[in-house]
Amino acid sequence: MNTATGVENSPEAGTGQAVPQTPVLAFEDVTMTYGGLRVFAHFNLWLLPGRVLGVRGPSGSGKSTLLKMAAGLIPPAEGRVTLPRGPIGYVFQEPRLIPWYTALENICLAMTACGHPKAAARETAAGLLSDMGLESFENHYPRQLSGGMNQRVSIARALAVKPVLLLLDEPFTGLDPAMKSRVRDNLSRVVSDQGISVMHVTHDTRELLPQTREVVTLGQWHDPRRFGPTRYLG
Ligand code: ADP
Ligand code: MG
């Protein structure tokens with residue numbers, strides 16, 4: 001059960017500004033349950049514009065649940081989650097591509113659903129696939145691609161919507177070390193260039209984007225020696 005107060009990363013903290021910034025994403029006194037299982041209790045967390053936040057914790061600690069709430073896919077039982085006004089890019093733990101659409105079509109669909117014009121969508125989608133090392137696989141269906149390739153398509157799809165908030169759930173799973181490094185560098189560059197706010201779930205903090213300034217550790221609250229509420233990097 002996660003009860004982090006979030007005081008440490010409140011909008012006022014560390015900005016050096018008299019006027020606090022408005023968070024892109026805010027969890028306020030959030031309690032979340034699945035039936036009788038309480039995963040979050042009185043949980044508070046803020047994400048400021050352009051910040052990259054890491055989230056780690058053991059399996060079952062609620063990392064994916066946190067991202068689903070951040071995307072508005074599941075509502076909290078109590079408390080409030082304030083979402084950004086602009087598009088959200090979401091790299092799910094599994095690629096979640098539409099099987100009867102090609103790699104290119106999967107990306108175009110996300111873009112047109114977000115209001116991007118159809119004609120420009122194909123060109124943008126092709127460029128993003130190329131950035132992911134998939135230029136020869138535009139017309140392949142998910143079943144014709146490996147797990148790691150499908151994961152890269154899903155990263156391209158998340159960037160294609162020009163997100164203000166990017167949610168990453170173990171995004172590098174299934175990528176070999178060289179590809180992981182390439183995709184991570186590419187993501188890092190796009191995040192900086194476009195000033196995207198990021199919530200990045202990983203079990204391996206070495207995978208976090210280099211601009212990550214904070215890491216929240218979710219965990220078994222009964223063992224604070226191992227899983228404290230909040231940790232910082234750098
Ligand atoms: P993590 O991503 O950190 O592994 P999850 O957010 O997936 O954790 O799950 C947190 C807890 O909630 C786990 O105990 C999991 O079994 C439970 N859980 C997740 N999704 C559901 C669901 N749809 N229904 C019931 N329990 C769930
Ligand atoms: Mg998970």
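Around ligand 1 stand Tyr 34, Leu 37, Val 39, Gly 57, Ser 59, Gly 60, Ser 61, Gly 62, Lys 63, Ser 64 and Thr 65; a residue is near a molecule if its C-beta atom, placed from the backbone, lies within 6 Å of it. The elements giving two or more residues to this shell are β2 (37–47) and α1 (63–70). Helices (H or I, at least four residues) and strands (E, at least two) are DSSP runs, numbered from the N terminus. The largest share of the shell, three residues, comes from α1. By class, the shell has three nonpolar, seven polar and one charged residues. Here Ala, Val, Leu, Ile, Met, Phe, Trp, Tyr, Cys and Pro count as nonpolar, Asp, Glu, Lys and Arg as charged, and the others, Gly among them, as polar.

The model is predicted: local features need pLDDT of at least 70, side-chain atom pairs count only at pLDDT 80 or more, and totals for chains, interfaces and linings use all residues. Residues are numbered from 1 along each chain as its sequence is written, while chains are lettered from A and ligands numbered from 1 in the order in which they are written.

Strand β1 (residues 25–34) is joined to β4 by four bridges, and Ala 26 has Thr 82 in β4 as its bridge partner. Seven bridges join β1 to β2, where Phe 27 stands opposite Leu 45. The hairpin of β1 and β2 has two residues between the strands, and Gly 35 in this hairpin takes a positive phi near 55 degrees.

The helix pairs described next share α4 (residues 147–160). Their axes are lines fitted to C-alpha atoms over the stretch in contact, and angles run from 0 to 180 degrees between N-to-C directions.

| Helix pair | Angle | Axis distance |
|---|---|---|
| α2 and α4 | roughly 25 degrees | within 8 Å |
| α4 and α5 | about 5 degrees | 12 Å |
| α3 and α4 | about 135 degrees | 9 Å |

Angles under 35 degrees count as roughly parallel, over 145 as roughly antiparallel, 65 to 115 as roughly perpendicular and the rest as oblique. Helix α2 (residues 103–113) is therefore roughly parallel to α4. Their crossing is right-handed; a crossing is left-handed if the near helix is turned anticlockwise from the far one by less than a right angle, and right-handed if clockwise. The contact joins Ala 103, Asn 106, Ile 107, Ala 110 and Met 111 of α2 with Val 153, Ala 156, Arg 157 and Ala 160 of α4. Residues are in contact if their C-beta atoms, placed from the backbone, lie within 7 Å. This contact has seven nonpolar, one polar and one charged residues.

Helix α5 covers residues 177–194, and its angle to α4 is about 5 degrees, which makes α4 roughly parallel to α5. Gly 148, Arg 152, Ile 155 and Leu 159 in α4 meet Met 179, Val 183, Leu 187 and Val 190 in α5. By class, there are six nonpolar, one polar and one charged residues in this contact.

Helix α3 (residues 118–131) packs on α4 at about 135 degrees, an angle that makes α3 oblique to α4. The crossing of α3 and α4 is right-handed. From α3, Thr 124, Ala 125, Leu 128 and Leu 129 meet Ala 156, Leu 159 and Ala 160 of α4. The classes here are six nonpolar, one polar and no charged residues.

Conventions: Pairing = 2+ DSSP bridges. Contact = placed C-beta atoms within 7 Å.
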